[in-house]
Amino acid sequence: MSLHRCQLCDPPKHKTIDILKEDYIKTEKKQYYHIDCYKKYLIKKGKSEEEIISTINFIQDIMQCEKKIEQDKDRLFVWMMNYYSVEVISTFIFKKISDIVAGRSCLIKKCISYEELLDIYKIMGNYLNKNALKKNFTDIDSRMHYDLAVVINNYNKYREYKDKQQDNNIQVKEIEKQINNQKVSENVIKNRISNNQEYNLNDNLNDFLL
Ligand SMILES: [Zn+2]
């Protein structure tokens, strides 16, 4: 249970917002409010009904994004702990990954999200295992450090692949639209869709790797 103090109705040292159960607001300054309390707070500040709704929607969108990032982060580290059979991720690796996500890494100038990192790790999992057999890593941290560099080095290829896949999906959707609009012969369309769906990860895996 994670409790926080409502800035409006909780006296000092009282915490009644249970973030797992309740709808709440977390402001940019990391202050917590019950939703109704936050509405009261905005009314006091003279905000109109419309402004109150848009402010709350805006904050909730940001909260949703932050929540997703936290979930993606957990997913990545849980996956890594399973993959490397470790019970904890060392502070060293943890910090390196946090820096990459925040765009503070000297290894790459772009920000790579936790979601993308996990995706690349999963795609490259077999390759990294085979690769590790050839290298004699002295400990698991050295291997994780090396693998992370390989994952980052493949980021551009991964992005190219994802963009191609997205274009491909758009093309398939376009063709589906044409089927509905123009009622073109079913067989012709089927062929075109299957041709367009030929990209899959395995086909591209060799290109993907170093
Ligand atoms: Zn409250």
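**Close-ups of a predicted model**

**View 1. Helix H4 meets helix H5.** Leu117, Ile120, Tyr121, Met124, Leu128 and Ala132 of H4 are in contact with Arg143, Asp147, Val150 and Val151 of H5 (contact: C-beta atoms, placed from the backbone, within 7 Å; helices: DSSP runs of H or I, at least four residues, numbered from the N terminus). By class, this contact of H4 with H5 has eight nonpolar, no polar and two charged residues (nonpolar: Ala, Val, Leu, Ile, Met, Phe, Trp, Tyr, Cys and Pro; charged: Asp, Glu, Lys and Arg; polar: the others, Gly among them).

Before moving on, two notes on the model. This is a predicted model, where local features need pLDDT of at least 70 and side-chain atom pairs count only at pLDDT 80 or more, while totals for chains, interfaces and linings use all residues. Residues are numbered from 1 along each chain as its sequence is written.

**View 2. The largest nonpolar core.** Among its 17 residues, Ile97, Val101, Leu117, Ile120, Met124 and Val151 touch the most other members (core: buried Ala, Val, Leu, Ile, Met, Phe, Trp, Tyr and Cys residues joined through C-beta atoms within 7 Å; buried: 20 or more other C-beta atoms within 10 Å of a residue's own). Helices H2 (49-83), H3 (91-102), H4 and H5 each give two or more residues to this core, and H4 provides the largest share, six residues.

**View 3. Around Leu117.** Leu117 touches Leu76, Ile97, Ile112 and Val151, leaving aside residues up to four places away in sequence.

**View 4. A second core.** Cys6, Ile17, Ile25 and Tyr32 are among the six residues of a second, separate core.

How values were computed: Two residues are in contact if their C-beta atoms, placed from the backbone, lie within 7 Å. A residue is buried if 20 or more other C-beta atoms lie within 10 Å of its own, exposed if 12 or fewer, and partly exposed in between; C-beta atoms are placed from the backbone.
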